[in-house]
Structure formats: C-alpha cells, structure tokens
Amino acid sequence: NLFPRLKKEAAFGNGSSFFLLATADIAWNALSRLYNCVHSYIQSKTNLYMKTHLIFLWFITFGVMACTSQPGINTGENKVEGDTIPVLDFASAIHKQVPDTFMWNSVARKITYIPLASSHLMDGHPVIEYLDDDMCIIMEGKSQWINCVDYKGNFLSTFRHVGNGPGEYVNLSSVVYHSKDSTIRIFDNGSYKHIIYNKQGKFLREISLADSEFNYLLHMQSDTYFFRGSFSKGKSEIIVTDTTLRVKFPILPFDSTADYITRGAIMLNTTGEECAPDICLFNHIYSDSVFLLTPDGLKLDFILRKGKYAPSLEDVKQFMKWNQYDPFIKGLFIKTFPGYYYLQYTYKEQVLGEIWSRKTNQIVSRSILTRPNQFTTLRGIRFRFPSGTVIRLLPDYISGNKIAFFIPADEAMGEIPGIKIREDDNPILMVMEL
C-alpha cells in the first residue's frame, strides 16, 4: 500500500532517479495523468518497481506552487534593511573541506529517553506532530494511527478512524494539537475535511474543505493557520486563516500562466520547515531568500547565497530529467535550532547535512548522510550514548529548544542504563533540551 505521508523522509537512486523529498500530501486526481505517464515509463524498465512508487509518492505528497508573484499584487513580504540580514555563503563553502565534528551531545542540556510501551506496536513510519513538557503526539504514516504518549512511554490514547463516514479520514496530511481546548485537529486530503477530536479520539465536529482553496496545513502559529494553496483551485501559494478556517489574506499569488506540471516542479523544490511554535522557514530552491512565515506575511530572515549551485527556474521545470551528475543541489531542507542552522541537500552522488553557526554565519560541520537500507531513514550527525557508543541521528522534530529523535530499538539495546530494550520493540523516543 502507498502510505499517505513521508514527512522528513528521503530517497536517493541511481541513473534517472534522483533525490526524492516528501513532506505533505496532494490530491490524487490532479496528478493522476502525470503519474500514469511516469508509471508506464518506469515499469518498462527492469527492477524499478520501487522507484516508480517513490516518484509517485513525491508527487502526491506535495501541494503545487508557483515561483513568482504577479506584478502589482501584494506578496505579503516584509522587507528589512539589507545590512541587518545575515548572509550564509553556501556557494563558497560547498567545496571546502569541512570536518565532521558536530555531536548532538555538545548542545544538550538535558536528555530524556522514552521507551514507548509495547502495548501498541507502531509501524515503521512514525511522525512526531506535537511535543511539550509532558506529552507527545505521534502519527503513524502508513497505518494512520494517532497516538498520545506521555514521558514515561505510556500510550494515553491511540485511535484510528479511517473511512468515509462522519469523523473518519482517508488520507492524513496534517495533525495539530490545540492546547487551549485540548483538541486534536486533523486535515484529510482524501475526503477533503478538517476533523476535530478530543484528546481521547472522540469525534467532535468536522468542516468540509471540498470547496476551499486549501491543499494542506504548512504551519500553525497561535491562532493562525498557514495553508499551502491548491494548485487547481487556489490563487496563491500560501493562504493565511484563523483556526475557524476564515481566510485572512493570501501570500505569493500563483503564476496563472504555469501549467500544473510546472507548478508541481516548483512546489517539489520548495522547503517549508516548522522549527518552533513561531518559526517556520520558507525557501524556493532557486532563490537565496529564506523567509519566516508570520501572521503578517513573509519576513526575510537570512540570505543563503547559493550562487551557481542553485538550479535555475528552467532547471526546476525539467526536474524529471535530473540525475546525479547535475551541477546543482537538490532536495534542500533548511531548519534551525538555538544557535545553529541545519541544511540538508543532495549534491552529485551524496546527501549532505551541514551545521552552520547563527553567531558567525559560518559552516562548522558537514556529515555525509547514509541510509543503512531502503527501509530506514537517513542517518548522519553523531550522538554518543552514556556507554560511549556513537550512532548517527537526524532530528525527527524541532520545537524551539527541544529536539526529538527516534532511535531504532536494535541500536538502543544495552545502551541506556535502567531501560530494557528488545530488538523488536518500538523505537526509543529521545527528547533533548538545549
């Protein structure tokens, strides 16, 4: 089965395949024709069945966006004087010999290991949707269970309402928690609904999104939602609403002359990464400007000077022809945590993870990210267990001064004092406070 969401997941293939990046869902019917073309082509090759589905997933997991604003239309960008904007000279650093020296332990003030109870065994694609001082909400990407877990690893509630009836969902694209009323709110890209449950999973109410311009929820900040616009119905890349889904204003109008393939290509090469309740970084890969999403619009946060290593807009439109020999980067993530930026991208035949200092705007460490096998996530930045054993991890969730990681049970066995772990247990949830 094709699972609906591969947030924070990536794959890198050889030959005609390329770095595939997935962060949310897009409506099935709009890209079905394009999928059929891709499917027919790839199935004509031998041993490429998995690549067919990865490419398909890449398409269905993104909303479609255009790259430029139309003349004379307010884009919602708040300009800041140039001398106040940090500049990261990515182009000058990309070929420098940078040591792989950064360790997560070096920024950790407190580390909490949470062995998730075996009373409910999660599938292999858990996604952290919310984290506070007492509770974590985890969505299972394949089976679409929603789990509330405390810091002892107990499942406070776990529910799955898959179906087409009232209070049921088909294809989860976003799960958010509202602490004010203790409700879990989901967005369903299968039946186009916004459904509200209590913390125990009891259905409270739902709102149809069938006639809306929304694609999926990108970010929630206080009482404001930021949606990616629908490529077929929407007029803008981002739509700002309140929590009742009343539209406040749009940001970045779509280019009305672009077809859905062009919009899809641009969307697939746009990063929008939530890093704190009030921080969501937004960047088009062909642009150097990195913005913050704010309730007032886009605010320029810093410049990532990519130079010739950024694909041009024309390159992006031709992304189906990309291969590992291309001279530009692909699959860019931009995240931040206290004191640092984290950049992840593919260049040539390698997937790279870089730590940049926010104080000096200089790169401090670079890791080559690896994948033990096709069923596991990328690994890359070092972490040392109390025993001294070093493993490599990437963050599964960043929220201000908290970073959360999933550690596979087979890697955590015998490494954490006082915690007995079996190889087939749920992964260990590690919460690091900086």
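Let's call a residue buried when it has under 20% relative accessible area, exposed when over 50%, and partly exposed in between (1.4 Å probe, protein chains only). Helices (H or I, at least four residues) and strands (E, at least two) are DSSP runs, numbered from the N terminus.

You're looking at a predicted model, where local features need pLDDT of at least 70, side-chain atom pairs count only at pLDDT 80 or more, and totals for chains, interfaces and linings use all residues. Residues are numbered from 1 along each chain as its sequence is written, and side-chain values use heavy atoms, leaving out hydrogens and water.

**Exercise 1.** Work out why helix H4 is largely enclosed by the rest of the structure.

*Solution.* 
- Step 1: find H4 at residues 260–268.
- Step 2: pick out its buried residues, which are Thr262, Arg263, Gly264, Ala265, Ile266, Met267 and Leu268.
- Step 3: that makes seven of nine buried, so the rest of the structure largely encloses H4.

**Exercise 2.** Describe the open sheet that contains S6.

*Solution.* 
- Step 1: check the edges. S6 (126–131) and S9 (155–159) each have a single partner strand, so one side of each lacks a neighbour in the sheet.
- Step 2: go inside the sheet. S7 (residues 135–140) and S8 (residues 146–150) are joined by five bridges in the antiparallel sense.
- Step 3: zoom in on one residue pair. Across from Met135 you'll find Asp150 in S8.

Key: Pairing = 2+ DSSP bridges.
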